[in-house]
Amino acid sequence: MNHPDSISAVFDAFGGISDEEWLQVLVSSVHIPEIQGVLMPAFPPDDLQREIHGHHGEISIHEAHVFFREIKAYCAYAGRPVRSETTLLDFGCGWGRIARLFMKDVRPSNLYGAETTDRFLMAARRANPALNFLGCNLVPPMLLTSESFDLITSWSVFSHLDEFLAGHWVREFHRLLRPGGMLVMTTQSRRFIAFCAEQRLKRASGIRLEHPWHEVCADSFIDEARANAEFEAGRFLHAASSKPPQPQSHYGEAIIPRNYIIKAWGGLFRLIEYLDNPVRLPQVLIVMQKIG
């Protein structure tokens with residue numbers, strides 16, 4: 001897409017500030033639409049934000065910023081630092097909050113988001129017309145040229161997709177990435193098995209669960225011992241309320257062990273990091289680099 005010069009106003013105004021200063025700018029933009037003479041991207045309604053990731057506003061920006069900092073650190077570590085010319089695709093972008101974080105570092109013409117849900121896609125486009133938000137189907141391919149991107153990110157998408165869809169999309173990302181390109185995504189931790197058991201216990205005790213998603217969790221990985229054994233064996237874990245052949249069966253709660261990644265995708269990507277540290281991120285961080 002071609003963008004007029006005004007589209008790069010955020011990049012031009014804030015490109016030289018630190019990541020922490022940028023966080024303060026973004027947090028301020030939740031309530032202040034214009035900062036230092038620059039009209040900042042808008043935000044979708046709070047209800048839509050909560051529907052996508054359970055919270056909204058400043059909390060959502062802080063969570064996205066943590067992921068943003070990890071992405072930048074690992075890309076630099078792998079010798080592929082984020083630069084103004086980096087081409088980035090955020091897969092499962094929702095209303096576009098992760099891509100928004102990169103607007104001070106990457107030119108807007110190089111920032112893309114992909115989303116399967118039309119409502120979320122429209123919200124992303126309305127909130128931030130400076131960036132490129134693309135619709136995609138549940139199953140690849142995308143209508144994009146091979147080796148178009150340096151970096152693909154995906155927050156809390158591979159914590160939901162089943163093994164079938166996850167495998168197809170990882171292979172599609174391999175096609176879309178340039179040689180040596182980076183893939184940074186998240187999945188649920190093994191700790192999530194115990195979390196689901198905790199929600200079941202609360203419900204059985206008559207405690208009202210805090211969020212509808214917690215009800216879903218309570219119905220996931222009901223055989224706790226078996227789920228832990230499968231994780232130990234390096235198997236892909238997925239729980240869904242629907243059964244095949246219903247399309248909804250592909251979406252639920254997913255846990256991808258480190259050994260599965262190495263075995264299933266090791267021929268396509270070099271695993272750089274499998275970080276399970278709740279102090280740093282609420283989900284497991286998976287960092288991979290395209291081989292070749």
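Reader: Which residue in β7 does Phe-149 stand opposite?

Author: The model is a predicted one. Strand β6 covers residues 149-154, and β7 covers residues 177-187. These two strands pair in the parallel sense. Within β7, the residue opposite Phe-149 is Leu-177.

Reader: Which helix belongs to the β-α-β unit with β6 and β7?

Author: β6 and β7 pair in the parallel sense over five bridges. Together with a helix of residues 163-176 they make a right-handed β-α-β unit. That helix is α7.

Reader: What is the bridge partner of Asp-90 in β6?

Author: Strand β3, residues 88-91, also pairs with β6 in the parallel sense. Three bridges join β3 and β6. The partner of Asp-90 in β6 is Thr-153.

Reader: How many of the six residues of β6 are buried?

Author: Buried residues have under 20% relative accessible area. Strand β6 is largely enclosed by the rest of the structure, because the number of its residues that are buried is six of the six.

Reader: How many disulfides does the count come to?

Author: A disulfide requires two cysteine sulfur atoms within 2.5 Å. The sulfur of Cys-75 lies 18 Å from its closest cysteine sulfur, in Cys-93, and is therefore too far for a bond. For Cys-196 the closest cysteine sulfur, in Cys-217, is at 4.6 Å, which is also too far for a bond. The count of disulfides is zero.

Reader: Is Cys-196 buried or exposed?

Author: The cut-off for a buried residue is under 20% relative accessible area. Cys-196 has 0% relative accessibility, so this cysteine counts as buried.

Note on methods. Residues numbered from 1 in each chain as written. Predicted model: local features only at pLDDT ≥ 70, side-chain atom pairs only at ≥ 80, totals over all residues. Heavy atoms only, no water. Buried < 20%, exposed > 50% of the residue type's maximum accessible area, 1.4 Å probe, protein only. Helix = DSSP H or I, 4+ residues; strand = E, 2+ residues; numbered from the N terminus. Pairing = 2+ DSSP bridges. Right-handed = clockwise from strand over helix to strand, strands pointing away.
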